[in-house]
Amino acid sequence: MPAPKKTARRSLLVTSAVLSSLALAAPVAVAAPKPSDSPSAGASPSATPPASMSSVGGARLGRPGTQVNLASGVPVLPKDVSARSWIVADAETGDVLAAHNAHWRLAPASTLKMLFADTLLPKFPSDTKHKVVPADLAGIGAGSSMVGIKEEETYSVHDLWLGVFLRSGNDAVHVLSAMNGGVENTVKAMNEHAEELQALDTHVVSPDGYDAEGQVSSAYDLTLFARSGMQKKDFREYASTVRAKFPGQTKKGKKGKKTRESFEIQNTNRLLSGDSDVPVYEGIAGVKNGNTTNAGATFTGVAERGGKVLLVTVMNPEKPEHNEVYKETARLFDWGFKAAGKVQPVGELVPPKGAAQAKPGANPSGEAGGSGDGGSGTAGTGSKPVASAPAADGSSGIGIALGITGGVLVLLAGGAFLVNRRWPLPDLVRRRTRP
């Protein structure tokens, strides 16, 4: 696919004084009412969305049912979408093109790991080593998805994040949580980060998304998590990796020599890795899937075509078909790419509390504070990443599938928050041949 045309790059520099002045004029985001019937672990959610939901992002997003502005030239939404809740949004502008019960608070399953990653990724260098002790793996729910972490073995943080993103490993989540001061501390940090992102439908109880009493999120909030996460270089790399090598268990040979082989893990995102009834989706670059008894199947994906980047979240399709959540996501992506530029939005993805819109053109380079690392918060050269470049550990995938040259969402040391609302998109999906 040829590189999309250069687009105008709008950056925001928001100091505390500007934030104070904007706060006086900005409308107050209204959270969804706290329901008394929040999903319980093992219980099926209500089949009917509440009459009153959050108005974050626009009043129409708080209404039950499908919200879309159909007009002449706008394609009709696919009729075979059975999900309880879904959303189609422009990842660059934040425009919500269409939605269905966008703020319905439902069990999120492992899509909640997007918030986990967005919260913890900046805390540990990828080459940090950690030896797993039994306490690290305590409290993992029965039947959890696992990557295969073993006690008394040493793993790098890079290994652990591969386990989280590719295999949705709850064991990897618990080890990283232990490194972060424990599950309770991690849950607290996730809830605080969700509030900062204005993801006010979300209440975290378990960092891995395992069914838990009162643990809820929404299609709207999951989309906010994906949008925030995909502005981090390392998040993009993990989310777009199709397969990788993961360290196995150390074994002793006949002569007492210790060896440790690795085994291959593959991404469980079927739009990225493909399956017998689901082809790899053209332009897909992540993000995360989930499935539990209470949540059903959930998925948030990001894809690019023709210079447009869309985010789609689908929660709990009612059709019992195999891979239905991916099939419905693909149909909504198809609609979104046809409708983009033709349909009037029904709402928006709000920026974090620490960011606000300002006049475009403040930083014509498109780089937030001069950082060229795509938002990871470290210094960069601003050079264009190559999407097809293999990772250093031999992992196979899209690599930097969303190669964003400028830092899009970077909290600077000086306390200023910059947001580039129009993402630069260089050579976004230069895909390697799949085996």
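Biologist: Which residues is Y220 in contact with, leaving aside its neighbours within four places in sequence?
Modeller: In this predicted model, Y220 contacts V56, G57, L61, I87, A102, H103, E348, L349 and V350 once those neighbours are set aside.

Biologist: Where does Y220 lie, which helix?
Modeller: Y220 is part of helix α6, which covers residues 219-229.

Biologist: Buried or exposed, that Y220?
Modeller: Buried: the relative accessible area of Y220 is 0%, and the cut-off for calling a residue buried is under 20%.

Biologist: Which residues touch the most other members of the largest nonpolar core?
Modeller: Y220 is one of them, together with I149, W161, F165, L176, F225 and F235. That core has 64 residues. Helix α3, residues 157-167, gives the most to this core, with seven residues. There is also a second, separate core of 31 residues, which includes V88, L271, V325 and A339.

Biologist: Which residues of α4 are buried, and what do they pack against?
Modeller: N170, D171, A172, V173, H174, V175, L176, S177 and M179 are buried. These buried residues pack against α2 (113-120), β5 (129-131), α3 and α5 (183-196). Just after α4, G181 has a positive phi of about 100°.

Biologist: Changing topic. Which side chain does S228 make a polar contact with?
Modeller: The side chain of S228 has a polar contact with the side chain of D118, at 2.7 Å. S228 is found in helix α6, and D118 in helix α2.

Biologist: Are S228 and D118 buried or exposed?
Modeller: S228 counts as buried at 4% relative accessibility. D118 is buried too, with a relative accessible area of 2%.

Biologist: What else does D118 touch?
Modeller: Not counting residues up to four places away in sequence, D118 touches H193, L197, S228, G229, K232 and F235. With K232 there is a polar contact between the side chains, at 2.5 Å.

Biologist: Now strands. How do β7 and β8 run, parallel or antiparallel?
Modeller: Antiparallel, with eight bridges joining β7 (residues 241-252) to β8 (residues 258-266). In β8, R260 is the bridge partner of T250. The hairpin of β7 and β8 has five residues between the strands, and G256 in this hairpin takes a positive phi near 80°.

Biologist: How many helices and strands in the protein chain?
Modeller: Nine helices and 15 strands. The chain has 435 residues, of which 57% count as buried.

Biologist: What about contacts between residues at least 6 apart in sequence?
Modeller: Of those contacts, 70% join residues at least 24 apart.

Biologist: Last thing, confidence. What pLDDT does the chain average?
Modeller: The average is 79, and 71% of the residues score at least 70.

Biologist: Where does pLDDT stay under 50?
Modeller: One such stretch is residues 357-395, for which the model has 86 contacts beyond four places in sequence. Residues 397-435 also have a pLDDT below 50, and that stretch has 163 contacts in the model beyond near neighbours in sequence.

Conventions. Residues are numbered from 1 along each chain as its sequence is written. Side-chain values use heavy atoms; hydrogens and water are left out. Helices (H or I, at least four residues) and strands (E, at least two) are DSSP runs, numbered from the N terminus. Buried means under 20% relative accessible area, exposed over 50%, partly exposed in between (1.4 Å probe, protein chains only). A polar contact is a pair of N or O atoms within 3.5 Å; within protein, one must be able to donate a hydrogen and the other to accept it, and residues adjacent in sequence count only if both atoms are side-chain atoms. A nonpolar core is a set of buried Ala, Val, Leu, Ile, Met, Phe, Trp, Tyr and Cys residues joined through side-chain atoms within 4.5 Å. Contact means heavy atoms within 4.5 Å. pLDDT is the predictor's confidence in each residue, from 0 to 100. Two strands pair if DSSP finds at least two bridges between them.
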